[in-house]
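Student: I would like to learn how to read a pocket in a protein model. Please take me through one.

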Amino acid sequence: GTGIAPYRGFLRRLFVENTEAAEKFKGLAWLFLGVANSDALLYDEDWKKIEEKYPEKFRYDVALSREQKNKNGGKMYIQDKVEEY
């Protein structure tokens, strides 16, 4: 993957900074973040703060391949988490 940094900048422009994009944004941004273990969740507190402040506009879900199981009992990957919805 490209890493989370580009998305962090994008989401900051929508939800943290006072920008024209933030004023005009009317949709839903949904971040699915996949890592092996919960100790590898980058910017986790940032995402939770945004989700708490903007529950109608931002959702945050994680897939932890070494800590969670998918519906078939295998490792949880992003595609498994997306499939839940």
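Student: Which element gives the largest share of the lining of the largest pocket?

Tutor: The general idea comes before the case. Rolling a probe the size of a water molecule over the atoms shows where empty space is left. This is a predicted model, and in it β1 supplies the largest share of that lining, six residues.

Student: What is the volume of the largest pocket, and which residues line it?

Tutor: The volume is about 200 Å³. The lining consists of G3, I4, Y7, F10, L11, A29, W30, L31, F32, L33 and G34. Two elements, α1 (5-15) and β1 (29-35), each give two or more residues to this lining.

Student: How many of the lining residues are nonpolar, polar or charged?

Tutor: Nine are nonpolar and two are polar, while no charged residues take part. Gly is counted as polar here.

Student: What can be said of the chain as a whole, its box, its buried share and its contacts?

Tutor: Along the principal axes, the C-alpha atoms fill a box of roughly 45 × 25 × 20 Å. Of the 85 residues, 31% are buried, where buried means under 20% relative accessible area. For contacts between residues at least 6 apart in sequence, 56% join residues at least 24 apart.

Definitions and conventions:
Residues numbered from 1 in each chain as written. Predicted model: local features only at pLDDT ≥ 70, side-chain atom pairs only at ≥ 80, totals over all residues. Heavy atoms only, no water. 1 Å grid on protein atoms, 1.4 Å probe; cavity = no way out; pocket = protein on both sides within 12 Å on 5 of 7 lines; lining within 4 Å. Points joined across faces, edges and corners; volume = space filled by probe spheres on them. Helix = DSSP H or I, 4+ residues; strand = E, 2+ residues; numbered from the N terminus. Buried < 20%, exposed > 50% of the residue type's maximum accessible area, 1.4 Å probe, protein only. Contact = heavy atoms within 4.5 Å.
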